[in-house]
Amino acid sequence: MSDEEDDYMSDAFLSKIQDVKPGIPMAKRVKEAMKKEIQHTKKNVENRQKTIKQLEQESRESVLQNTLSNENKGFALLQKMGYKAGQGLGKQGAGRVEPIPLNIKMGREGIGMEEVKKRKAEEELQHYHQKVRAKQQNEKQSMEDYRVRVRSEREERKIEADLRRSQRACEQLDNQKSVTVPREDWYWPKVDLEEEKNEGEEEEEKEEEEEEEKEEEVEDAVELTSMDKLQILTSYLRGVHFYCIWCGTTYNDEDDLCSNCPGDTAADHD
């Protein structure tokens with residue numbers, strides 16, 4: 001047998017296996033020894049993979065979990081002055097019981113940067129909420145403006161329709177009374193086709209047009225809206241012809257009109 005080979009019956013080999021028990025097979029004892037060696041190797045690898053910061057943190061946490069003992073000089077001085085474990089600090093024992101917690105600074109920023117970052121984050125969050133509220137208000141205002149515009153356009157279309165109906169009724173009723181010229185041009189519907197004029201009457205018509213233009217300039221100083229025209233025209237129809245466009249009826253006289261007509265506006269007939 002060579003010197004390099006181990007003698008399985010020698011004291012050197014048996015000393016490696018310290019937990020030799022009588023009656024346990026050799027194969028089982030060898031497996032247990034190999035398992036322990038593998039676990040030990042794995043633990044060493046895990047420890048080597050940990051960073052210095054992780055090891056420092058584990059060491060710090062293990063120390064903080066242990067209470068102070070008499071070996072601590074500061075704690076020993078407190079005990080000499082009458083302090084007892086679990087008692088609050090101060091003469092009356094109303095002070096702090098637990099030690100001041102550690103606040104480990106992990107980053108490389110200067111002192112106070114955490115507060116600056118926190119304040120900046122709060123300002124950004126507040127600015128974001130302000131933008132969201134402003135956007136919601138703008139959307140709400142836009143929706144309200146849209147509703148008002150739609151309502152206004154609907155009312156304008158209704159007024160225009162009532163005005164055209166009043167103009168047709170005015171023309172028809174005036175013709176029944178042999179009225180050939182409206183009191184105002186807009187009392188009757190507009191005529192698209194113009195009548196042909198004789199050459200000999202051009203000068204007279206030109207003079208009349210100049211006079212009418214002067215009168216229109218005075219009238220145009222205050223431009224009438226469709227609502228104004230509707231009120232004037234319905235008053236004319238009621239006062240002259242005893243006619244209500246919303247009732248669609250020509251009454252006998254003013255008393256009959258006042259007694260049976262609900263009113264002189266469209267709202268009165270709803």
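A salt bridge is a side-chain nitrogen of Lys or Arg within 4 Å of a carboxyl oxygen of Asp or Glu. Lys158, Asp162 and Arg165 are linked in a network of such bridges. The model is predicted: local features need pLDDT of at least 70, side-chain atom pairs count only at pLDDT 80 or more, and totals for chains, interfaces and linings use all residues. Residues are numbered from 1 along each chain as its sequence is written, and side-chain values use heavy atoms, with hydrogens and water left out.

**Helix 5**
- Helix 5 covers residues 113–176, 64 residues in total. Helices are DSSP runs of H or I with at least four residues, and strands are E runs of at least two, numbered from the N terminus.
- From first C-alpha to last, helix 5 reaches 93 Å, close to the expected 94 Å. The expected span is 1.5 Å times one less than the number of residues.
- Ser178 follows helix 5 and has a positive phi, near 65°.

**Salt bridges**
- The structure holds two salt bridges.
- Lys158 pairs with Asp162, their closest N and O atoms lying 3.4 Å apart. These two residues are four apart in helix 5, so about one helical turn separates them.
- Asp162 also bridges to Arg165, at 3.0 Å from N to O. Here the spacing is three residues, again about one helical turn.

**Burial**
- Asp162 is buried, with a relative accessible area of 7%. Buried means under 20%, exposed over 50%, and partly exposed in between (1.4 Å probe, protein chains only).
- Lys158 is partly exposed at 43%, and Arg165 is partly exposed at 34%.
- Other buried residues of helix 5 include Leu163, Ser166 and Cys170.
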